[in-house]
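Colleague: I am new to this one. Please take me through it piece by piece.

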Amino acid sequence: MAVYTHSVFVDHEKCTGCTTCLRRCPVEAIRIRNGRSVINPNQCIDCGECIRVCNHHAKKASYDKLSDLDYSKYLIALPAPSLFGQFNHLDEADFVIQGLRDMGFSDVYEVAKAAEYVTDLTRIYMSSPGVVRPVISSACPVVVRLIKLRFPTLCEQLVPVMPPYELAGKLARERALKAHPELSPDDMKTVFISPCPAKVSWAKSVMEGQTVYVDYITSMNDVYMELLKHMKHDVDPGPEAACEAGSVGLRWATTGGEAASLMNEGYLSADGIDNVIKVLDDLESGMLTDIGFVELNACSPGCVGGVLAPTNGYVARLHLQNLQKTVVVKPNDISHIENVERFSGGVIPEEYIEAEAFTYMPDGAPNMLAMMLAMKKAEALADKLPKKDCGACGSPTCKAFALDVVNGEARIEDCVVRNQMESL
Amino acid sequence: MNSEALHYHFDVDGASFANAGRASVETKKLLRQIGVSPDVIRRISVAMYEGEINMVIHAHGGDADVYITEDTILITLKDVGPGIRNVEDAMKEGFSTAPENIRALGFGAGMGLPNMKRYSDDMHIDTKVGVGTSIELWYHLK
């Protein structure tokens, strides 16, 4: 992918150039330049941490508004599993499905249902010979991008199966075409209801030149506001629509759900972007070789903690735990939609494989010698800096500032602490 | 290593396991920034991590230094620990003198030195009982 289209952006009207996001960005992709926060698109992983921490609401995510949808089309809603955790007093998942239909969607295909198929596909993939352990989940687009940018040796350990939201779009379209032979593929549009900006970025970026099964990506916040108006609680005999996903799919909304659903080998699950980075470092150092699967989510406690989800993630997790009591385990295995003989030997058909190859794509192609020289100069310069990592210069740390100066992106005079010490 | 080499120094804190591995993680980041190939980065990560853990287990920490030139990477791990009594034995897979409490933590499987050798192009051990150990890990980039 040549261009990665990011969802996260800076509202220049609101940005005061404070240093909060600068110092909290886990990949040091932010600088303050000319009094405003600037995100380096080559390094940003769309984790949404800056949106979360900005005190001025200057960090935002772009996505499709409900008013952008073409209501003349056969619209299929693709609700993320986390949507079901957003509501107080929800005792049946069916109300959400009915609410989406009443909102104007012609059809609903739950991403949780697709997630159950991904679980099955992952099991099949892990049963094929020669797959390096531990296998790493590719469901969180932040983690996938982080690995592709910074963990070159772990790329081949990512599950090559497409993520649930993409598979949901594919299966939703196939089902609708079968049910409505009068419609053409162009007549239908899939609308993913996303808890996070990373999934928006993923879909926007893949769209360039590749088949993508998700046409619109909306924010869970927006949909939630609208959906509340349409969810009726006191109707008899209850909602007509029925939730198709089982408890396995819904568990994908919280950390550990995906890994536990595999039910085969030992696994590790972790969330929070800093914890994710620590686990990836451990994996690259050759530790953790005795486990089968690793599930990593950028947000805590899983997708319910995404910045586009309205409810506190921990409260949403509680809601989901309560909802689980009413949801049964549904056997959504791949044999329902596929002839399983196609998977003999653990081979996953091409159509379920993530189109974008998981290969290392370093930030630029550095000339090793030039980079070494720059880093040597930066080391010498960093020695003379105050090491306060205050961020007032616009770089996240004194070390980063030193390299920025050497690369001509900052001036040594930007260090206010040094200026003050010199003027004494 | 000549004076042109890019040099980084890390103190390996021997007081706890909490920080063990930091030098190798930092080194990995630097090597990636420079543009060293993923295969070399992985081998260095694994070998250096083993070395760091060894220093924590046996020698209360020590010094890790990384020297990078265009065609060679040298990592030196120096400690003033007990020294290795019999290097030949220590190089055998599964041989370990780690105490029981360390093994209980999952370390001391006797793969430290063999793994360091396996994941480096050249390894030199200079050790003296009661004085300390100095290990050189060499990587030839060309």
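Colleague: Where is A:Glu28 found?

Modeller: A:Glu28 sits in the loop between α1 (20-24) and β2 (30-33) of chain A. The phi of A:Glu28 is near 50°, which is positive although the residue is not glycine.

Colleague: How should I read the numbering, and what kind of model is this?

Modeller: This is a predicted model, in which local features need pLDDT of at least 70, side-chain atom pairs count only at pLDDT 80 or more, and totals for chains, interfaces and linings use all residues. Residues are numbered from 1 along each chain as its sequence is written, while chains are lettered from A and ligands numbered from 1 in the order in which they are written.

Colleague: Next, the cis peptide bonds. Which residues does one join, with omega about -10°?

Modeller: That one joins A:Arg133 and A:Pro134. A:Pro134 belongs to the loop between α4 and β7 (135-136) of chain A. Another cis peptide bond links A:Ser300 to A:Pro301, with omega about -5°. A:Pro301 is in the loop between β11 and α12 (313-324) of chain A.

Colleague: You mentioned β11. Which strand of chain A does it pair with?

Modeller: β11 (residues 293-297) of chain A pairs with β10 (residues 267-271) of chain A, in the parallel sense, over five bridges. Two strands count as paired if DSSP finds at least two bridges between them. A:Ser269 has A:Glu295 in β11(A) as its bridge partner.

Colleague: And what do β10(A) and β11(A) make with helix α11?

Modeller: With α11 (residues 273-284) of chain A they make a right-handed β-α-β unit. Right-handed means that, with the strands pointing away from the viewer, the path from the first strand over the helix to the second runs clockwise.

Colleague: What order do the strands have in the open sheet of four in chain A?

Modeller: The order is β6-β5-β8-β9, and the pairing is parallel. β6 (107-108) and β9 (216-219) of chain A are at the edges with a single partner strand each, so one side of each has no neighbour in the sheet. β5 (residues 74-79) of chain A and β6(A) pair over two bridges, and A:Ala77 is opposite A:Val108 in β6(A).

Colleague: Which strands does helix α8 of chain A lie across?

Modeller: α8 (residues 220-230) of chain A lies across β8 (188-194) and β9 of chain A, at about 70° to β9(A). Axes are lines fitted to C-alpha atoms, for helices over the stretch in contact, and angles run from 0 to 180 degrees between N-to-C directions.

Colleague: Helices against helices now. At what angle do α4 and α6 of chain A cross?

Modeller: Roughly 105°, and the axes of α4 (residues 111-127) and α6 (residues 164-179) of chain A come within 8 Å. That makes α4(A) roughly perpendicular to α6(A). Angles under 35 degrees count as roughly parallel, over 145 as roughly antiparallel, 65 to 115 as roughly perpendicular and the rest as oblique. Among the contact residues are A:Val111 and A:Tyr117 of α4(A) and A:Pro164 and A:Leu171 of α6(A); residues are in contact if their C-beta atoms, placed from the backbone, lie within 7 Å.

Colleague: How many nonpolar, polar and charged residues does that contact have?

Modeller: The contact of α4(A) with α6(A) has ten nonpolar, no polar and no charged residues. Ala, Val, Leu, Ile, Met, Phe, Trp, Tyr, Cys and Pro count as nonpolar, Asp, Glu, Lys and Arg as charged, and the others, Gly among them, as polar.

Colleague: Over to chain B. How many residues of chain B are in contact with chain A?

Modeller: 17 residues of chain B are in contact with 16 residues of chain A. On the chain B side, the elements that give two or more residues are α1 (22-34) and α2 (38-59). That side has eight nonpolar, five polar and four charged residues.

Colleague: At what angle do α1(B) and α2(B) pack?

Modeller: About 160°, with their axes 8 Å apart. The two are therefore roughly antiparallel to each other.

Colleague: Last one: what order do the five strands of the open sheet in chain B have?

Modeller: The order is β1-β2-β3-β5-β4, with antiparallel pairing. β1 (6-13) and β4 (122-128) of chain B are the edge strands. β3 (residues 72-79) and β5 (residues 132-140) of chain B pair over eight bridges, and B:Leu74 has B:Trp138 in β5(B) as its bridge partner. α1(B) lies across β1 and β2 (61-68) of chain B.

Terms used: Two residues are in contact if their C-beta atoms, placed from the backbone, lie within 7 Å.
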